[in-house]
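I opened the model to look up a few residues and their surroundings. My notes follow in the order I checked things.

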Amino acid sequence: MAKEIEESFNVETLVIDVNFTAGLEIYDKIKQKIQGKEIGILINNVGMGYISPDYFLSVPDREQLIPDMIKCNVQSIPMMCSIVLPQMVERKKGLIINISSLSAIVPAGCLTIYSA
């Protein structure tokens with residue numbers, strides 16, 4: 001996708017491979033990779049769910065899934081904004097797009113953890 005965007009719009013893209021269920025150290029890696037780069041657009045589009053709707057107590061590995069989903073689906077957005085937003089404010093220029101799931105506003109039975 002990055003190559004397609006570069007070719008179609010004559011812009012530079014940067015792909016940084018991190019696991020958003022890991023700890024806060026991933027944000028140090030991201031900061032290092034973007035240091036000195038002018039970020040024009042940040043698209044927060046990371047997220048995870050589980051294989052299929054299920055009753056809360058039947059969700060496999062929920063003790064690990066819950067903190068992983070919070071780190072990936074919730075923590076990542078404000079952390080990424082806190083990294084990129086200061087330079088955008090300084091330049092008075094930039095765009096942040098936060099992608100969300102319809103489950104955030106529409107009730108979704110048996111998707112309690114994801115919808116939360």
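Which helix is Y27 found in? I looked it up in this predicted model. Y27 is in helix α2, which covers residues 25-34.

Next I checked burial. Is Y27 buried or exposed? Its relative accessibility is 2%, so I noted Y27 as buried. The cut-off for buried is under 20% relative accessible area.

Then I listed contacts, leaving out neighbours within four places in sequence. Y27 is in contact with F20, K71, Q75, S76, M79, M80 and I83. I also took one C-alpha separation. Y27 and S76 are 49 residues apart along the chain, and their C-alpha atoms are separated by 9.0 Å.

I moved on to the cores. The largest nonpolar core has 13 residues. Among those with the most contacts inside it I found F20, Y27, I30, M80, I83 and V84. Helices α2 and α3 (62-91) are the elements that give two or more residues to this core. The largest share, five residues, comes from α3. I jotted down a general point: in soluble globular proteins, nonpolar side chains tend to be buried together.

What does F20 touch, not counting residues up to four places away in sequence? I read off I26, Y27, I30, V46, K71, C72, S76 and M80.

Last entry: D68. I placed D68 in helix α3. D68 has a relative accessible area of 14%, so I logged it as buried. Beyond four places in sequence, D68 is in contact with T21 and M48.

Note on methods:
Residues numbered from 1 in each chain as written. Predicted model: local features only at pLDDT ≥ 70, side-chain atom pairs only at ≥ 80, totals over all residues. Heavy atoms only, no water. Helix = DSSP H or I, 4+ residues; strand = E, 2+ residues; numbered from the N terminus. Buried < 20%, exposed > 50% of the residue type's maximum accessible area, 1.4 Å probe, protein only. Contact = heavy atoms within 4.5 Å. Core = buried A, V, L, I, M, F, W, Y, C linked by side-chain atoms within 4.5 Å.
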